[in-house]
Structure formats: C-alpha cells, structure tokens
Amino acid sequence: MSDAANDSAAPDFTSLTEHVRSFAAEGHVLQAGFIKSEPVLVLAEGEIVIGERRVAPHEDAGILVAAFDGDCIISGGDDGRVMRTLASGESETLGHEKGKWIDALAAKGGAVAWATGKKVSARDAKGVTKSIDMPSTPVGLCFLPKGYRLVMSQYGGAALWFPNTDAAPENLEWKGAHLDITVSPDGRFIVTSMQENALHGWRLADHKDMRMTGYPSKTRCFSWSHDGDWLATSGADAAIVWPFEDKDGPMGKAPKELGVRSAKVSSVAFHPKALVLAIGYDDSCILMCRLTDAAELLVRRASRLEGKVTALAWDKGGKHLLFGTEGGAAGVLTLP
Amino acid sequence: MSDKIPVTVLTGYLGAGKTTLLNRILTEQHGKKYAVIVNEFGEVGIDNDLVVGADEEVFEMNNGCICCTVRGDLIRIIEGLMKRRGKFDAIIVETTGLADPAPVAQTFFVDEDVAAKSRLDAVVTVVDAKWLAERLKDAPEAKNQIAFADVILVNKTDLVSPEALADVEKQIRAINPYAKLHRTVKSEIDLDKVLGRNAFDLDRILDLAPDFLDESGAHHHHDDDMQSVSFTAGEVDPEKFMPWINEFTQLEGPKILRSKGILAFKDEPRRFVFQGVHMILDGDLQRPWRDDEKRQSKIVFIGRDLDRAAIKKAFEACLV
C-alpha cells in the first residue's frame with residue numbers, strides 16, 4: 001500500500017511518498033536494517049521481522065537493544081540473553097546474564113559486546129568471552145574500526161578497553177553522564193551524547209575535548225556520512241550535522257541544520273554512497289535532505305498517531321530506505 | 001496527564017516492612033499489572049509482573065545545581081519499560097533502606113523523556129514503630145525518607161504500647177506534619193491508600209492535606225535538625241513572591257527537601273499552587289477560589305536547618 005493518494009495536498013515538497021510500500025510492524029520498532037536485500041525490523045516486544053517471516057529469539061521476553069553485523073542480527077533482551085539470529089530465522093545464544101537486562105550492545109565482524117549494569121562482556125569472533133566491571137553503568141558501547149577494541153560511555157566520560165589484554169581501560173574524562181557513543185569511521189574521533197542535552201567528543205590521538213551544545217533535548221541517534229566527514233545527530237528541530245573532515249573536528253565551526261521543521265528529529269541515517277540524509281521526526285514524518293544544498297524530499301507525511309520514527313536504515317546499494325515507528329508503522333522506500 | 005504511567009516510590013529503612021508491602025501489592029487481586037524496579041532480586045517474584053533490578057546510580061546534573069541529582073539507572077529502565085507499555089499499568093520503584101528519595105523523585109521532573117511518559121504518583125515510606133526512634137538518632141536517611149513521604153505506614157504497631165506508638169507518631173509529625181499516616185501490622189493496608197494517590201498533582205494538594213489551609217493546624221513541631229516551617233497570610237503580590245520563591249529555593253535548595261504552597265494572588269480569581277523537591281519547583285494557577293473559601297496564602301517547607309525567622313520576614317515582604 002502506498003500513501004500516494006493525497007499527494008497533491010502537499011505541494012511544498014517534492015514527494016517520494018508514492019514510492020513507499022507501507023506495512024504494519026505491529027509493535028515499537030527498535031532497529032531496522034537489511035540482510036542481503038531483505039528488510040529486517042527488530043521489535044521491542046521481542047519479534048524480529050525478516051521479510052515476511054517473524055521469529056522470536058527471546059521467546060516471551062522483550063528486546064532492549066539490537067545491532068546488525070553482516071548477515072546477522074544481534075539482540076539483547078530483558079531475559080538477559082544475547083542472541084544472534086541469521087537470515088534463515090535460526091538463532092543461537094551468545095551470552096546469558098541471568099536475571100539481568102542487556103542494557104547496551106555493539107557488534108563488529110563477528111565480535112559482540114554487551115553490558116548488564118556495570119559489567120561489560122566482549123565475545124570475540126572465535127567465541128571467547130571476556131568481562132570487566134566498570135565503575136558505572138555504560139549506556140553505549142562501540143567497537144573501534146581497527147582491531148579488537150571497545151569504547152564504552154560511562155558517568156564522567158568514556159573508557160577504551162582491549163578485551164584480550166589484562167590492561168585496565170584507558171579513561172577519557174569529561175564531567176557528566178554520558179549516554180550513547182559512536183566512533184568516526186576512520187577511528188580518529190569518539191563522540192558521546194549526554195544527559196545534559198549536549199554532545200562531547202574526544203580526538204583519540206591526544207584526547208583533546210570537543211563540546212557540541214545547543215540541543216533542546218537529548219541526542220539518541222547518530223549517523224556518519226559514507227566519507228566519514230560528517231556526523232548527523234537527532235535531538236533538535238532539525239538534523240544537526242557536524243563537520244569532522246578537519247584534524248580538529250568540528251571545533252570552531254558551526255554545524256549544518258537540515259530539514260528544519262516544528263517537530264523534533266528522532267532518527268537520522270546517511271545514504272551509504274551520497275551526502276544525502278534520511279531524517280525521521282517525532283511526528284512520524286520522514287524527509288530526505290541533500291547536505292550540499294539542503295534540498296528536501298518528502299518520504300512520509302506526519303501522523304501523530306503513529307509516533308516518532310525510531311528506526312531508519314539504507315540498504316548497501318542505497319536504493320532502499322527502511323523505516324519503523326514507535327507506534328508500529330513501517331515501510332520501505334524504493335528510490336525511483 | 002492520564003495516559004502517563006503512574007510511578008509509586010517505596011522507601012523505608014531496612015526491616016521496616018517495605019518488601020512485605022510490595023509483595024502484598026503484587027499478590028492482591030486488583031486486576032492490575034505492575035512493573036517493579038527493585039534492588040535485590042529473590043525477595044520479590046511474581047510471574048505476571050515485570051521485575052527489574054536497579055543499581056541506584058545517582059547522577060549529578062552538570063547544570064550548576066549541586067542538589068540536582070537524578071537516578072541514571074531509573075532513566076534507562078523506564079526508557080526500556082516504555083517500549084513495552086502494553087505489558088503493565090503502573091510502576092513501583094523500591095529503594096534500598098539507605099537511599100535518599102530525592103534523586104528518585106527528581107528524576108521525574110528533570111529528565112524530559114521520563115517526564116513525558118510517566119509521572120510520580122507518591123512517595124510511600126514504611127517505618128518500623130518499634131525501631132524508628134533509634135533510627136532517627138543514627139540514620140539521616142531515615143529522616144529524609146519521612147520528610148519526603150506523601151504516605152507513611154507506621155508498621156509493626158502490634159509490637160509497641162499505645163504510648164510508644166503515640167510518641168513515634170509525634171516524632172514523625174515533628175518532621176513531616178503533612179503526610180497521610182496509617183497504622184499497620186505486617187504492612188496490611190487497603191492498596192488505594194498507597195497507590196493512585198496523585199500526590200504530586202497540583203490539583204490534589206489540598207485534598208491530600210485537608211487541614212493544609214487550616215490555621216489551627218500550624219503547631220510548632222521540632223526535631224533537632226529537620227523541621228517543617230509553615231506560614232499563613234492573606235493575599236500576596238506575585239511580582240514579589242515569584243522572584244523570591246525562585247531565588248530562595250535556588251539558594252536554600254540543598255536544605256529544602258519538600259515544599260508546597262497555595263497562594264491567593266492579588267486580583268487573581270484562581271488559586272496558585274506549587275510544590276517542589278529541593279531546587280525544582282512546579283507551579284500553576286488552578287481552579288478559582290470558591291465563595292465560601294477564605295482567600296489566604298500558605299507556604300510549607302520541610303528541610304534541614306531552615307531559618308524560620310528569615311523565611312517569615314521574606315514571605316511577609318511579599319504580602320500585598
């Protein structure tokens with residue numbers, strides 16, 4: 001089904017809505033992605049929708065966090081399990097923390113890391129799991145692009161950990177509560193979102209601090225451009241896009257604001273090949289914006305009933321954009 | 001407001017009967033499902049309810065306000081629960097016996113995501129009738145829990161004499177004269193006296209403390225370091241009162257645990273009602289004063305080392 005019927009009612013945007021195939025996810029969409037060419041949605045209620053099939057790797061439990069890794073979906077549930085689900089729908093248990101919630105998750109090249117409370121565990125591609133107790137609960141985990149090294153957000157900064165060594169984690173300090181964490185594709189910069197509606201960044205080489213402020217609410221979604229030069233973020237009435245191409249990152253530079261609307265951006269996803277950003281809002285609207293000239297295309301019209309856009313993902317070729325909302329709406333845009 | 005999930009915070013010193021009350025709430029037939037945030041697993045466990053372990057991680061907000069603390073784990077857990085909100089009707093947060101209730105309460109006002117989806121219903125404190133007097137001497141947390149409470153269960157009343165019970169209640173009243181007080185044995189109580197209280201709803205502040213505006217209710221209570229001070233007066237000038245109450249709570253916030261007030265503003269037909277936790281204030285104009293009501297203003301602060309004379313002077317300077 002498409003939303004194209006009333007297209008003429010929105011003349012101010014060039015619209016792609018007729019190229020969207022909508023379907024019902026039936027539940028809060030946590031994460032979206034593609035495995036080969038099949039759209040995959042992870043639902044908070046516990047189901048994973050792979051194309052037309054639905055599987056429940058956590059049985060009756062809910063899924064709290066999920067990540068895509070190659071052709072697999074890694075999910076962490078409120079049953080304390082970390083599961084790997086294949087495109088076939090088969091799944092295996094990678095970790096089990098009895099009676100705990102899996103609070104954070106990261107995956108890269110077969111390696112998986114998860115956090116339960118203050119304990120962080122990392123399981124390498126061979127299946128060897130190492131654990132460490134942190135001084136506070138990490139909300140965000142991310143693997144560095146090179147080597148087997150994990151970066152973790154924590155209260156008062158972030159920490160870098162080599163799971164296969166006995167060395168204590170290296171601390172990056174900055175006062176405050178740090179939430180989600182991301183690493184630039186070239187591994188030069190680490191960025192966290194903070195409880196205080198700001199971002200904090202460190203240049204890994206010398207731990208130089210970067211402060212990115214001005215958000216009216218918390219940033220809970222990041223996306224790096226394909227060339228690694230730009231970081232798009234949620235949390236404002238526009239997608240805030242910071243320049244990272246220089247050696248000093250965004251210091252002393254203003255960010256770009258894309259897709260300014262009177263609704264809050266809840267999700268962002270850069271196109272895998274072009275400087276084009278998909279932007280999802282808390283009123284369920286989705287726009288596509290070009291970074292160079294801020295030109296906008298409408299992907300999905302606002303609809304308060306369906307809740308905020310909680311997941312956006314492009315396929316590898318950049319021909320399809322998959323989305324899901326808090327209220328359980330979902331769809332795939334196929335670029336004409 | 002109504003579609004926000006109500007959250008009840010259960011506090012009480014170790015052994016007072018908190019877990020007994022929690023198990024009562026979970027086992028009684030009431031047709032409601034609860035998500036329960038606990039600190040110790042094992043003592044609570046009901047198949048139909050979601051039980052989540054918490055770490056009691058207190059975050060200082062980096063906003064220059066030293067008493068502005070929130071519970072980081074609570075923010076994270078509530079965010080997770082809200083993705084499955086069809087699974088439960090209400091949330092109960094059980095704190096450890098040593099916990100300060102302030103960061104828990106403040107989380108519901110400071111974190112916008114939590115505030116958008118849930119609301120603090122009441123702070124319920126269970127105290128041990130037999131041991132409270134001892135606890136008040138050696139544990140500042142016990143005092144905080146009483147000062148913060150909207151509902152207090154004086155539990156294990158079967159273990160003390162009527163005189164001793166009266167004495168305990170007097171001690172509680174010296175710290176917090178405004179909470180609803182219930183005498184219980186084995187934490188047995190009608191659950192509607194504990195749940196669904198709307199204690200932080202500005203509309204309800206009067207209903208909960210019927211003698212709140214009653215002049216005769218202004219006794220002198222005294223505890224060594226924790227007091228409640230209250231003042232009653234006529235109409236106040238909002239141009240003077242608002243700057244003062246903001247400045248006063250900013251400066252004295254660390255000492256003020258709870259504050260409440262109902263004010264008759266000059267030329268304003270509606271009542272102004274406010275309530276606060278430390279430095280965080282929430283206030284609004286509510287329903288009009290009724291014809292049979294006396295237009296008078298009353299403010300109450302519960303806190304430590306409050307300078308009664310100075311507050312009185314400052315408040316009186318706001319009068320019309």
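Me: Hi! What does the charged end of B:Arg271 sit over?
Reply: The ring of B:Trp289, with 6.0 Å to the ring centre. A charge counts as over a ring if NZ of Lys or CZ of Arg is within 6 Å of the ring centre and within 35 degrees of the ring normal. This is a predicted model, where local features need pLDDT of at least 70 and side-chain atom pairs count only at pLDDT 80 or more. Side-chain values use heavy atoms, leaving out hydrogens and water.

Me: And which ring face does A:Arg261 lie over?
Reply: That of A:Tyr281, at 4.6 Å from the ring centre.

Me: Switching to ring pairs, how many aromatic pairs are there over all chains?
Reply: A search of the whole structure gives 13. Rings of Phe, Tyr and Trp (its six-membered ring) pair if their centres lie within 6.5 Å; planes under 30 degrees apart are stacked, over 60 edge-to-face, the rest tilted. One of them, B:Phe109 with B:Phe200, is tilted, at 5.8 Å centre to centre and 50° between the planes.

Me: What kind of pair do B:Phe248 and B:Phe301 form?
Reply: An edge-to-face one, 5.1 Å centre to centre with 75° between the planes. Both B:Phe248 and B:Phe301 are buried.

Key:
Residues numbered from 1 in each chain as written. Chains lettered and ligands numbered in written order. Buried < 20%, exposed > 50% of the residue type's maximum accessible area, 1.4 Å probe, protein only.
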